[in-house]
Amino acid sequence: MTSTVSSSLLEAPAATAGTRRKIATLAMMTALVVSAFEGTVPTTAMPSIVRELGGTHLFSWVYASFLVASAVSIPVFSKLADRAGRRPIFTAGMLLFLLGSVLCGAAHSMHELIAARTLQGMGVGAIGPLVPTVIGDLYTLEERAKVQALFMAAWGAANALGPVIGGLIVSTMSWRWVFYVNVPFGCAAVALLLASYVDPPGRGLRVRSWRELTSFVKANLDVRGAILFALAASAMLLGLEDQAAFGFGVRVVLLAMAVVFGIMLVREVRGLRDDQGTPPLLPFAELADPVVRAGAIGSLFAGGLMYAIPAYVPFWFATERHESAVLAGVALIPFLVAWAVGSALGVKVLVRLGAVTVSRAGISLSGVGTLLVALAARMHAPTWFVFAALGIVGLGLGATANSTLVGPQSRVPWAKRGAVTGFMQVGRTLGGATVVALLALLPSAQGRFLVLALLALAGGRAITFAASWNRAGDPVPRA
């Protein structure tokens, strides 16, 4: 028995086509770009930050604290958004992000900066999953897939341009404005959403005191599960994070802790049900649906490509190919452009043949493209060949990334859409961190891309296996 939900049970969009929906979409685009920038903009500001604040031995934690905080808070905010409504949780997450941004800009020591980056990361843990969740509320399946393609292209562009914009800000003003610049855009995103988006009746959070808020959280959030997930995810990410600069022994201990806490989390989640007391933190029950299950598996493998390609392609161009800094910087453009194209083209296949078909074909195509990149690394192929291969990777990954999000969203009602969206994003984060850490063990670009290609091709088989448990849910019903 799957958890397939017929289209008649899926709630209507939160804003009909027109001005309000356009404003809400603009709000989400603004929030996405701001949060994406903050993941990469500080890269070019770090030399100036270290010169002024000192604490060179701590600078890696500026990145690690942000990554861990955002990852562990995703399922918490996603679940609360289903229970309390999108407006209050998005607003709280953005305000937390902006508070962290202001404190980052005002930091007078590296310790203060790390603490403030942790607040920023927690805010991104709300913004990240709620942007595609709100888009899922606003648009039908056919519309949503096209809009998600645009948002994914914006996310990729923001990540690629982040260091460039950061460099311009640092050279013309001060490194502190790398963080302060978030405030007006973040406030605009909140104002636009509040003016345009309305949660369904009975879904919005209405509390008048701290006691009511505390009672609401206890009744609607598996606190024990949230703590276990935070411990498991933190231990895993810190154990894998290269910038954390831990020794081998410490990493082994952290990864062992991640396994132990992960087992405890699974036992905790399996003992809870949505209709009996406190709902579980993670939507494991929805994995009974083959589309959701295939989306979760696909998110793990897609996350590996999404993180590894931006991490290693520019590095490969600058070190082993000895290309100029400019060419190394633009090396990802074919990948990002093809990503947007793949997301858009995948829509027609998705609505006709289902999300599983698109996910499987897309990740397999990405594997072929990555195999060509590995071949280019071995043969020292010309730049045009590398760009073409990266375009193939982006074309397949764009289709996969879109379908592994839109497909599962369309299988659940409004009250579970946030949790399922967050679950897919957690999978991408954990998959990406794991693959990037594994590739760091390999000495050459050729080996890294070959392993990445094999993982992508294995991802296609894994998606097929996950969906084959029950074919009843494919293709995806139209929302």
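Which helix gives the largest share of the lining of the largest cavity? The share comes from H17, with three residues. The legends below start from the whole chain and then move to close-up views.

**Figure 1. Overview of the predicted chain.** This is a predicted model, in which local features need pLDDT of at least 70, side-chain atom pairs count only at pLDDT 80 or more, and totals for chains, interfaces and linings use all residues. Residues are numbered from 1 along each chain as its sequence is written, and side-chain values use heavy atoms, with hydrogens and water left out. The chain holds 18 helices and zero strands. Helices (H or I, at least four residues) and strands (E, at least two) are DSSP runs, numbered from the N terminus. Of the 479 residues, 54% are buried. Buried means under 20% relative accessible area, exposed means over 50%, and partly exposed lies in between (1.4 Å probe, protein chains only). Among contacts with a separation of 6 or more, 83% join residues 24 or more positions apart. A contact means heavy atoms within 4.5 Å.

**Figure 2. The largest cavity.** One cavity of 30 Å³ or more is counted. The largest cavity holds about 30 Å³ of space. Its lining is Pro-75, Ser-78, Leu-281, Leu-282, Pro-283, Ala-419, Gly-422 and Phe-423. Helix H3 (60–84) and H17 each give two or more residues to this lining. By class, the lining has six nonpolar residues, two polar and no charged. Ala, Val, Leu, Ile, Met, Phe, Trp, Tyr, Cys and Pro count as nonpolar, Asp, Glu, Lys and Arg as charged, and the others, Gly among them, as polar. Cavities and pockets are found on a 1 Å grid over the protein atoms alone. A cavity is a set of points where a 1.4 Å probe fits but cannot get out. A pocket is an open set with protein on both sides within 12 Å along at least five of seven lines. Lining residues have an atom within 4 Å of a point. Grid points are joined across faces, edges and corners, and a volume is the space filled by probe spheres set on the points.

**Figure 3. The second largest pocket.** About 520 Å³ of space lies here, in the second largest pocket. The lining has 21 residues. Phe-284, Leu-300, Phe-423, Val-426 and Leu-430 lie nearest the centre. Helix H10 (223–240), helix H11 (248–270), helix H12 (290–319) and H17 each supply at least two lining residues. The lining divides into 18 nonpolar residues, two polar and one charged.

**Figure 4. Helix H17.** H17 runs over residues 414–439. Its 26 residues should span 38 Å at 1.5 Å a residue, and the end C-alpha atoms are 38 Å apart, which agrees. The expected span is 1.5 Å times one less than the number of residues. H17 is mostly covered, with 21 of its 26 residues buried.

Figure 5. Ser-35 lies in helix H1 (residues 19–40). Ser-35 counts as buried because its relative accessibility is 11%. Residues up to four places away in sequence aside, Ser-35 touches Phe-97, Val-124 and Ile-127. Met-46 sits in helix H2 (residues 42–53). At 5% relative accessibility, Met-46 is buried. With residues up to four places away in sequence not counted, Met-46 touches Phe-59, Val-62 and Tyr-63. The C-alpha atoms of Met-46 and Val-62 are separated by 9.1 Å, at 16 residues apart along the chain.

Figure 6. Val-266 belongs to helix H11. Its relative accessible area is 34%, so Val-266 is partly exposed. Val-266 and Leu-282 are 9.1 Å apart, C-alpha to C-alpha, and 16 residues apart in sequence. Leu-327 is placed in helix H13 (residues 325–330). Neighbours within four places in sequence aside, Leu-327 contacts Phe-317, Thr-383 and Phe-387. The C-alpha atoms of Leu-327 and Pro-314 are separated by 8.4 Å, at 13 residues apart along the chain.

Figure 7. His-380 is in the loop between helix H15 (355–379) and helix H16 (383–409). Phi of His-380 is near 55°, a positive value in a residue other than glycine. His-380 is exposed, at 65% relative accessibility. Cys-104 is buried, with a relative accessible area of 0%. Cys-187 is partly exposed, at 42%. The count of disulfides (pairs of cysteine sulfur atoms within 2.5 Å) is zero.
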